[in-house]
Amino acid sequence: MGVYVKDGGTWRETSELYVRDGTSFTNKTVLNGYIKTGGSWEEVYTLFNTTSYSSAVGSVAVPSGANAIHFEYAVGAGSGGMRGADYDKAGGESAGPAGASGAYLSDVVFSVTGGETLTITVGAGGAAGSGTYSGTSGAGGNTTVTGSTTGAILTLNGGGSASVSGGGVAGPLRTNTASTGGALGTLATRLTTGTTTDGLNITTFTSGPVGSFNSAGAGVAGTNPGNCGGDNCTIGGGVGGSSYSGLSGTGGTSGTNGSTAGGAGSRGGGGGGGGTEPGSSLGGAGGAGEVYYRFLRIA
């Protein structure tokens, strides 16, 4: 709520309030102002109100009165899954290894400087691998936030690629190599206590996908079922690594056979692997990274 003063017949909105302490004005900015009406104190001034959430990327200006940013969630992108493979009497068939999820944050608060510019980049999901007997899926892109004054705030690495090698249509069976979960990169110092000027205790921030304050961690690899034994055996592809420490529905589904492709990941989850017999099916793409944040002022 703004506070106005009358200056030469014109009402002007104040940007900051100070109080007279003894014989001089104190150098402490007033965070909240109250008046007494009908026997009750009513707040009439708050230096900064917490903003609404945003998912904007690119160049983002920090509001002049803010000194902190709350990420309800942020995640690096997931990697893609590999396709399955069928052979001509090679004594087996191959399932596609699934993609991995990216590193994540859930309800984490960092310091920022009012008026600075943040550069926010969200990682792109990795492409599904198309090679039948050799090849590599696309890695997930990194999600990063850097401040023009604050410097590096976070790096959430995307999921690492899955790969296959050494196979041929008449054998040998290929080697299937699992994906790797995205590593939790450099993070600025996380704030663990504090109350905002509009009365929010940051330790109560639990609305993110993990459901607890100040959570962060690495992504997880997708499953890698390997090869089955016997000509024309059926084997399903791997399940994509889930993001946010096991958030349901984010890892791509398994391609259960050669007629069903692996599903795409979502919210930084890994893509599912393709299955085999009859024929073989494609893997799924990894889920794109994401950010969701708001600006605060810690008193």
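Does C233 count as buried or exposed, and at what relative accessibility? In this predicted model, C233 has a relative accessibility of 14% and counts as buried.

**The disulfide**

A search of the whole structure finds one disulfide, and the two cysteines that it joins are C228 and C233, with a distance of 1.9 Å from S to S. The link of C228 and C233 is right-handed, with 80 degrees about the S-S bond. Such a link is a covalent bond between the sulfur atoms of two cysteines. C228, the partner of C233 in this disulfide, is itself buried, since its relative accessible area of 14% falls under the 20% below which a residue counts as buried.

**The salt bridge**

The structure also holds one salt bridge, which E290 forms with R267, and the closest N and O atoms of this pair are 2.8 Å apart. Because E290 lies in strand 21, which covers residues 290–296, while R267 lies in the loop between strand 20 (227–229) and strand 21, the pair ties together parts that are 23 residues apart in sequence. Side chains of opposite charge can pair when their charged atoms come close. As for accessibility, E290 is buried, with a relative accessible area of 17%, whereas R267 is partly exposed, with a relative accessible area of 30%.

**The residues in the two links**

| Residue | Relative accessible area | Class |
|---|---|---|
| C228 | 14% | buried |
| C233 | 14% | buried |
| E290 | 17% | buried |
| R267 | 30% | partly exposed |

Note on methods:
Residues are numbered from 1 along each chain as its sequence is written. This is a predicted model: local features need pLDDT of at least 70, side-chain atom pairs count only at pLDDT 80 or more; totals for chains, interfaces and linings use all residues. Side-chain values use heavy atoms; hydrogens and water are left out. A disulfide is a pair of cysteine sulfur atoms within 2.5 Å. Buried means under 20% relative accessible area, exposed over 50%, partly exposed in between (1.4 Å probe, protein chains only). A salt bridge is a side-chain nitrogen of Lys or Arg within 4 Å of a carboxyl oxygen of Asp or Glu. Helices (H or I, at least four residues) and strands (E, at least two) are DSSP runs, numbered from the N terminus.
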